Amino acid sequence: MRNLIQPEPMQRSALAAHEQLDGGTFADGSNGLRSLIRESWQRSAGFKADPDNPAAPLVLDQDELEDYRSQHPLAAIMPVIKKLLVQPSHDSGLLVAVGDEVGRLLWVDGDPALQRRAEGMMFVAGADWSEATVGTSAPGTALALGRGIQIAGAEHYQRAVHAWSCTAVPFHDPDSGAVLGVVDITGTATAVAPHTLSLVEATVAAAQAQLRVERLQLAAELASRPARRRATAAASRATGAGAKEGSLYRNSLQLLGRDQALLSLEGKTVALSARHSEILALLSSHPDGLSAEELSLLLYPGDGSTITLRAEMVRLRKVLQQLSPDAVPGSRPYRLPVDVVPDSGQVLSCLQRGAHRIALEIYRGAVLPRSEAPGIVELRNKVSSLLREAVLTDGSAESLLRYAGLPEARDDVGVRRAALRLLPARSPKRAAVVTDLERLEAEMRV
């Protein structure tokens with residue numbers, strides 16, 4: 001169940017419970033506190049955290065910080081975090097922080113005025129915000145619980161933090177599942193709005209996917225090197241951390257903006273034929289499986305041919321057998337025995353959570369754009385129309401302009417008119433939008 005913050009009653013309960021804190025000694029006279037807050041306070045008291053400390057301690061000086069975070073695994077995904085969270089936060093009265101697995105903040109960015117205020121409680125890069133040090137806070141408590149958390153106002157253990165609220169989500173290694181760090185949004189009440197937790201979770205998921213893609217690309221690069229180098233790399237992986245990286249890759253299928261899908265299984269990646277791309281797109285979208293007749297109808301325009309399908313499935317099984325024997329589809333019904341996550345499914349999942357900005361970031365174009373398979377046409381239209389509807393309904397001017405740059409939106413008058421309504425009167429981007437609209441209106445008149 002999500003932590004839907006109800007500020008007034010919870011804040012009154014939290015303020016009353018703070019009166020039971022005596023120099024960090026916790027008395028369980030805390031009726032009205034959420035159970036996860038009460039348990040965190042108990043842990044904080046056990047750690048001897050002082051609720052009257054005015055600020056978190058700085059544990060990494062500038063030189064140590066630069067050296068440490070440059071080598072940290074989360075450095076690789078910071079461009080994703082910056083694009084999806086940091087850039088939008090600059091004008092929204094929010095801060096975005098990324099910390100390591102023990103609660104030390106490595107990056108803090110966002111609204112400049114808020115950054116200056118946050119320095120007063122040492123919510124800065126290099127400071128320790130673990131539960132053991134500052135008590136209950138979103139970054140430290142999310143790491144302690146291993147899941148996303150929202151902390152509002154007086155629910156913080158330190159009284160100096162009562163003017164702030166925050167949402168944080170742990171960042172897990174996409175392969176091993178180990179906690180690598182935490183992503184946090186801090187600010188006023190908007191930092192614990194119901195949609196904020198979904199936004200941070202979606203951002204973390206996108207960053208984890210990016211980290212996985214980079215590892216897959218590295219694995220593909222290593223596989224393409226001469227045999228002697230591959231043997232050296234394999235020996236290195238077998239004796240070090242690389243062994244863990246190579247064994248637990250999530251299976252994925254890239255369909256967006258591609259005529260031939262890219263399939264990744266167990267760290268191996270292959271470009272599929274157009275027909276095999278269609279088959280795997282359909283099977284990955286129907287995890288419970290499809291009969292030969294059902295798959296034929298989705299695959300072939302007109303009357304589906306099960307005989308032709310069976311021959312195609314024989315060829316597909318040979319391809320998959322070379323990648324991973326465990327991934328060879330079963331029959332009666334045709335079904336994938338392993339989870340294969342299509343990027344189209346990631347877009348739909350983000351849209352269901354209301355995270356259209358994340359969906360737009362993942363979206364690379366239409367699903368297998370040249371395919372005429374009925375099931376693919378239906379999937380393509382579903383993903384495209386739901387994304388357009390979400391951007392038109394909830395999107396900012398920036399999101400609308402980004403969508404307008406997609407090939408499928410080249411002639412979309414409605415999207416450009418919506419962007420024009422949202423752009424400030426003096427925005428330099430208005431001229432290009434007006435030019436596009438004039439072109440489209442002229443073409444319609446002809």
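Me: Which residues does Gly93 touch, not counting those up to four places away in sequence?
Reply: Gly93 touches Asp111, Leu114, Gly187 and Thr188. Contact means heavy atoms within 4.5 Å. This is a predicted model, where local features need pLDDT of at least 70, side-chain atom pairs count only at pLDDT 80 or more, and totals for chains, interfaces and linings use all residues. Residues are numbered from 1 along each chain as its sequence is written, and side-chain values use heavy atoms, with hydrogens and water left out.

Me: Where is Gly93?
Reply: In the loop between helix 4 (78-89) and strand 1 (94-100). Helices (H or I, at least four residues) and strands (E, at least two) are DSSP runs, numbered from the N terminus.

Me: Why does Gly93 count as partly exposed?
Reply: Because its relative accessibility is 23%. Buried means under 20% relative accessible area, exposed over 50%, and partly exposed in between, using a 1.4 Å probe and protein chains only.

Me: And how far is Gly93 from Thr190?
Reply: They are 97 residues apart in sequence. In space, C-alpha to C-alpha, they are 8.5 Å apart.

Me: Switching topic. What is phi like at Lys48?
Reply: Positive, about 65°, although Lys48 is not a glycine. Most residues other than glycine have a negative phi. Lys48 is in the loop between helix 2 (35-46) and helix 3 (62-71).

Me: Is Lys48 buried or exposed?
Reply: Exposed, because its relative accessible area is 72%.

Me: What about Leu368, buried or exposed?
Reply: Buried, because its relative accessible area is 1%. Leu368 has a positive phi too, near 35°. Its loop runs between helix 15 (356-362) and helix 16.

Me: How do helix 14 and helix 16 pack?
Reply: Helix 14 (residues 343-352) and helix 16 (residues 374-394) pack at about 35°, with axes 10 Å apart. Axes are lines fitted to C-alpha atoms over the stretch in contact, and angles run from 0 to 180 degrees between N-to-C directions.

Me: Which residues of helix 14 make the contact?
Reply: Ser344, Val347, Leu348 and Leu351. On helix 16, the partners include Leu379, Lys382 and Val383.

Me: Last one. How much of the chain counts as buried?
Reply: 48% of its 446 residues. The chain has 19 helices and 9 strands.
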